[in-house]
Amino acid sequence: WEKAATGTNIKPTVKVAMSQAVPTPSHMALIALERAGYLKYLISQNVDGLHRKSGFPVEKMAELHGNTNLEICRAKKCGRQYMRDYRVRNNPKFMSIQLAENARAAEEICMRELYDTIINFGENLPEKALQDGFDHSQEADLCLVLGSSLRVTPAADMPKATAKNKGRLVKYAFRINAMIDDVIVALMKKLELEVPPFKLVRSIALRNIPASTDSKKGGKDAIRIRGVDSNGDPYSIMPQLDAEFASNKETFTAKKEPYMLTPSKAKLDEGLLKLKCYFQGYYGEPPLNLEVNLADIPKDKNLVITMEYDPLVTKAWSDVRYS
């Protein structure tokens, strides 16, 4: 709507693939506002997934129009979400279905097909995201609208819910002849809050999976490894994983998540497990070598390893954390 307001036909001068897009200072400013306690909830009409990639808490965000990297199971008793580090919509190369191997994860897997979450015109918005958006709008003291013309309902009605509840509506957009980043960065300076730099955060979860008593599911103990999002949802981030059991030098190369390591001789509760994690490389991230004591991998929950990659300055992995 900037074109309509200015009477111009401005075209973007820089084009970047969605998978390589970096969260802007505005995205990262929202992180700082949430950490400082000012921002209680985020409602997004974007499908690029940059808010989620920026590190904003998933449980405090509603993506009304979906996420091009997110698949869901529509079964009422399941509803599980699966994040992918690639575009899933209409991509025959990556059309997904919950695999039979997942049944060994000691979780409720319904084996139904997965669907992308993009909302087309004429389709209903996801009920939970819609309800959460209105609920938080009604509770808010202040609604800050960034980069939206507020012409598409029902999202356009959410700021009105704040105003009707005696809250205040502040609208920053191109009508003040400024880019969103310029406005938000100035606001952050006024609030004396630092805008954090973007770091790509990746997590993998490891669990010791005992052999199934059902012979149809296999009879070997296994170490299951998969990428996970910040809220624990499965996140396909590794196209390949190399592993070596140090006790007997047995090696594995796996290319399908979740990765199930089933050594023939090595014990799964003794010795060292060496991993080489490969990533999609959208930001030039190199493989990462990790070492894990097998005794530290539990059977009743996940051992989560989280690491950060700096795509803007050092272009290196750092801050590897085990939890």
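Four aromatic pairs turn up in this structure, where rings of Phe, Tyr and Trp (its six-membered ring) count as a pair if their centres lie within 6.5 Å. This is a predicted model, so local features need pLDDT of at least 70 and side-chain atom pairs count only at pLDDT 80 or more, while totals for chains, interfaces and linings use all residues. Residues are numbered from 1 along each chain as its sequence is written, and side-chain values use heavy atoms, with hydrogens and water left out.

**Aromatic rings**

- A pair of aromatic rings is described by the distance of the centres and the angle of the planes.
- Planes under 30 degrees apart count as stacked, over 60 as edge-to-face and the rest as tilted.
- Phe245 and Phe252 are edge-to-face, because their planes sit at 75°, with the ring centres 6.0 Å apart.
- Phe245 is buried, at a relative accessible area of 0% (buried means under 20%, exposed over 50%, partly exposed in between, using a 1.4 Å probe and protein chains only).
- Phe279 and Trp317 make a tilted pair, at 4.7 Å centre to centre and 40° between the planes.
- That pair links distant parts of the chain, 38 residues apart: Phe279 is in the loop between strands E14 (272-278) and E15 (288-293), and Trp317 is in strand E17 (residues 317-322).
- Phe279 and Trp317 are both buried, and together with Tyr309 they form one aromatic cluster.

- Helices (H or I, at least four residues) and strands (E, at least two) are DSSP runs, numbered from the N terminus.
- Strand E8 (residues 200-209) has nine of its 10 residues buried, so it is largely enclosed by the rest of the structure.
- Two strands pair if DSSP finds at least two bridges between them.
- E8 runs antiparallel to strand E16 (residues 303-309), with seven bridges joining them; here Val201 has Glu308 as its bridge partner.
- E8 also runs antiparallel to strand E9 (residues 222-228), again through seven bridges, and Leu206 stands opposite Ile225 in E9.

**The second largest pocket**

- The second largest pocket has a volume of about 1,000 Å³ (a pocket is an open set of points on a 1 Å grid where a 1.4 Å probe fits, with protein on both sides within 12 Å along at least five of seven lines; the volume is the space filled by probe spheres set on the points).
- Its lining has 33 residues (those with an atom within 4 Å of a point), and the closest to the centre are Ile72, Gln81, Thr117, Pro126 and Ala129.
- Helix H4 gives the largest share of this lining, four residues.
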